[in-house]
Amino acid sequence: MTGLYELVWRVLHALLCLHRTLTYWLRVRFGTWNWIWRRCCRAASAAVLAPLGFTLRKTRAVGRNRRQHRHPRGGPGAAAAHPRLRWRADGRSLEKLPVHMGLLITEEEQETSYSDIASLVVWCMAVGISYISVYDHQGIFKRNNSRLMDEILKQQQELLGLDCSKYSTEFANSNDKDDQVLNCQSAVKVLSPEDGKADIVRAAQEFCELVAQQQKKSTDLDVHMLDSLLSSNGFPDPDVVLKFGPLESTLGFLPWQLRLTEIISLPSHLNIRYEDFFSALRQYAACEQRLGK
């Protein structure tokens, strides 16, 4: 009986060892296959998703390149988005900026454009010019001064946007007692042929009154005296005049004040571009630099 028990015990022990061995082998075997399976799945996922990721990266890179091509830093795209910043920077880049610019239109009445003249005035303001005179020999703009004023205010809103308040304007006419003043940084005067003659007549009358009051002698009249009498209206002499049209004449535009003025001729004020306007300013600055002013 004891021998039978010992035999059963040995069989059970052998089965237990076999169970342990089989369990260990299966664990190792299936663990290895599980690791291999996971590696295969990862490789397959990478093979499937890699082209998609490359395509997305390529698309994003192309988008960035297109944006940089359209709007490079500091290039035309940025200037187009914020033209007023470009105008301000252009004004600062010049060696010398005129204080008073005259706009002389010699073209016929049917060729005048209020919007183009208003754009020129606003560009003058944007680059930092303090005084602007608008003159035509037929007196069209002076007769329609309110229309031109409205167009300038409109162009301020369109071209300068939210910055228009920084470029407020005074509209002053020598024979208009009810001028509109808007906390000005730039002053605009609309002139006609009568203004140049009227200024000289007024200066002569003032000098005659000074002589009659014995404050001056008739022999005191010279270039400097006449200059001081003509400059009493607060507008300095023009530094530069942009003449628009084919005529080689100033047509009576402030005959006394133009004696030292640089005159730059342009074909027409119609559809004038900012590049042409700023090119004239560069020409003026280069001329002043050559003269050592």
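This is a predicted model: local features need pLDDT of at least 70, side-chain atom pairs count only at pLDDT 80 or more; totals for chains, interfaces and linings use all residues.
The axis of a helix is taken here as a line fitted to its C-alpha atoms over the stretch in contact, and the angle between two axes runs from 0 to 180 degrees between their N-to-C directions.

In the pair formed by helix α7 (residues 193-212) and helix α8 (residues 223-230), the axes come within 9 Å and cross at roughly 110°. Angles of 65 to 115 degrees count as roughly perpendicular, and α7 is therefore roughly perpendicular to α8. The crossing of α7 past α8 is right-handed. On the α7 side, the contact is made by D199, I200, R202, A203, E206 and F207, while α8 contributes M225, L226, L229 and L230. Sorted by class, the residues of this contact comprise seven nonpolar and three charged, with no polar ones.

The other pair brings together helix α4 (residues 114-127) and helix α6 (residues 145-160), whose axes lie 8 Å apart and which pack at an angle of about 55°. At this angle, α4 and α6 are therefore oblique to each other. Here, α4 passes α6 in a right-handed crossing. The α4 residues taking part are Y114, S115, I117, A118, S119, V121, V122, W123, M125 and A126, and they meet R147, L148, E151, I152, Q155, Q156, L159 and L160 of α6. In this contact of α4 with α6, 12 residues are nonpolar, four are polar and two are charged.

Terms used: Residues are numbered from 1 along each chain as its sequence is written. Side-chain values use heavy atoms; hydrogens and water are left out. Helices (H or I, at least four residues) and strands (E, at least two) are DSSP runs, numbered from the N terminus. Angles under 35 degrees count as roughly parallel, over 145 as roughly antiparallel, 65 to 115 as roughly perpendicular and the rest as oblique. A crossing is left-handed if the near helix is turned anticlockwise from the far one by less than a right angle, and right-handed if clockwise. Contact means heavy atoms within 4.5 Å. Ala, Val, Leu, Ile, Met, Phe, Trp, Tyr, Cys and Pro count as nonpolar, Asp, Glu, Lys and Arg as charged, and the others, Gly among them, as polar.
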